[in-house]
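My notes follow in the order I made them.

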Amino acid sequence: MIRGKQKLFTGLQPSGALHIGNYFGVLKPLVDMYEGFDSRVMVADYHALTTLKDADKLHANIMDIVRDYVAVGLDPKKALIFKQSDVPQHTELTWIYNCVVTTAFLELAHAYKDKRARGLESNAGLFDYPVLMAADILLYDTDIVPVGQDQKQHVEYAREIATKFNTTWGEAFKEPKEKILEGVAIVPGTDGKKMSKSYGNTIPLFGSKDEIAKAVMSIITDSSGESPSNVYNIHRLFKSERELAPVYKANKGNYKASKEALIQDAEEFIAPMRKKRESITDADVREILHDGGEKAREIAEEKMTDVRRRVGVSI
Ligand code: TYM
């Protein structure tokens, strides 16, 4: 552990292929800042289990997401990369938190309310999702949590849960703050709404050029305007407004040309990361997770030794 640095924690679910919303919303800002912090980046596999019940897919997604982390620029020697299920202290602490959190409080969580509204099965894991996320964050004395806007409420929950524990059993947990970057807090999808796996409006980060082209071509454009805002709002993630101004001026009224320019710019941006990703083997992934898991368990166990004593279960 590096002393003196603030502690950063974030995680992504291995619930499907990462998209450019994940990349620009959290991974790119993370890569830009993580070396200035004592950084922990988790694979939230137990969160993914709330929705994904196909073991082969979950396994493949876990291997993929670790490759993605490294391909976008996280160095496992400089950040602790680990898998949630390798650190049983996360689920242990979740249980203890469950005993001070009210069900009325959890019923207010946006992600749960949204999923229910869309008719998704609401298992107890989904309901308890913010409590597990609070355990993820609080176990590591986290100062900042880089996330997209959709996770803001969950970080607020982590703060509330820390306070609840601390007032019940004494000051064991630090209150973390979310770090949300303006301009990329909600990356739009091909329909202009928030890009999300569950809305089917994503552009895959590590898709083939053809897959990316297909997704870009499906961007919904408003035929009444001169410039397709849904295309532009995605394009501006890859190029500056200054660089894009002449392109959109030249392509006025020609939406196909703007989409083609976006495909080319996305491809140029993604190709080097895709190449790096191909060089990361399964053995590399296993080694990263093995080493990361070991270190994460050490930190988490130290915290849980204190927590078990505080709640009265240590003898
Ligand atoms: P998940 O896997 O849904 O999303 C991973 C990260 O990507 C961000 N994101 C976006 N940002 C901007 N625009 C978008 N369209 C967009 N879509 C997704 C999310 O905000 C998130 O930062 N519960 C978390 C995983 C998690 C976690 C944690 C995060 C588990 N434990 C502890 C931080 C700390 C989740 O489901 O993220």
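**Gln153.** I began with the contacts of Gln153 (contact means heavy atoms within 4.5 Å). Leaving aside neighbours within four places in sequence, I found Gln153 in contact with Leu108, Ala109 and His110. Gln153 sits in helix H8, residues 152–169. Helices (H or I, at least four residues) and strands (E, at least two) are DSSP runs, numbered from the N terminus. Gln153 counts as buried at 13% relative accessibility. For that word I use under 20% relative accessible area, with exposed over 50% and partly exposed in between (1.4 Å probe, protein chains only).

**Ground rules.** I note that this is a predicted model, where local features need pLDDT of at least 70 and side-chain atom pairs count only at pLDDT 80 or more, while totals for chains, interfaces and linings use all residues. Residues are numbered from 1 along each chain as its sequence is written, and side-chain values use heavy atoms, with hydrogens and water left out.

**Ala111.** I looked up Ala111 next and found it in helix H6 (residues 110–117). Ala111 is partly exposed, at a relative accessible area of 27%. From Ala111 to Gly293 I read 28 Å in space, C-alpha to C-alpha, and 182 residues in sequence.

**Lys177.** Which strand holds Lys177? I found Lys177 in strand E5, residues 177–179. Lys177 is exposed, with a relative accessible area of 56%. Beyond four places in sequence, Lys177 is in contact with Asp143, Ile144, Val145, Val155 and Arg159.

**Asp141.** I stopped at the backbone of Asp141, where phi is near 50°, a positive value in a residue other than glycine. Asp141 has its place in the loop between H7 and strand E4 (144–146). With a relative accessible area of 26%, Asp141 is partly exposed.

**Two domains.** The domain assignment gives the chain domain 1 (7–185 + 282–311) and domain 2 (197–276); such bounds come from an automatic or database domain assignment. I read 30 Å between the centres of domain 1 and domain 2, taken over C-alpha atoms. Across the boundary, 19 residues of domain 1 are in contact with 15 residues of domain 2.

**Cores.** A nonpolar core here is a set of buried Ala, Val, Leu, Ile, Met, Phe, Trp, Tyr and Cys residues joined through side-chain atoms within 4.5 Å. In the largest one, of 55 residues, the members that touch the most others are Ile20, Phe24, Leu27, Tyr69, Ile203, Leu205 and Phe238. Helix H3 (residues 55–72) gives the most to this core, with nine residues.

I then picked out Leu205. Not counting residues up to four places away in sequence, Leu205 touches Leu18, His19, Ile20, Tyr23, Val72, Ile212, Ile270 and Met273. Apart from this core lies another, of 39 residues, and I noted Leu80, Phe105, Leu126 and Met133 among them.

**Arg67.** Back in helix H3, I looked at Arg67. Arg67 counts as buried, at 11% relative accessibility. Its side chain is joined to that of Asp282 by a polar contact of 2.2 Å. A polar contact is a pair of N or O atoms within 3.5 Å; within protein, one must be able to donate a hydrogen and the other to accept it, and residues adjacent in sequence count only if both atoms are side-chain atoms. Leaving out residues up to four places away, Arg67 touches Arg277, Ile280, Thr281, Asp282 and Val285.

**Ligand.** A polar side-chain atom of Tyr129 lies 2.4 Å from a ligand oxygen atom, and one of Asn22 lies 3.1 Å from an oxygen atom of the ligand. For Gln151 I read 3.1 Å from a polar side-chain atom to a nitrogen atom of the ligand. The protein covers 96% of the 720 Å² of accessible area that the ligand has on its own; these areas come from the Shrake-Rupley method with a 1.4 Å probe, and for residues only the protein chains shown count as cover.
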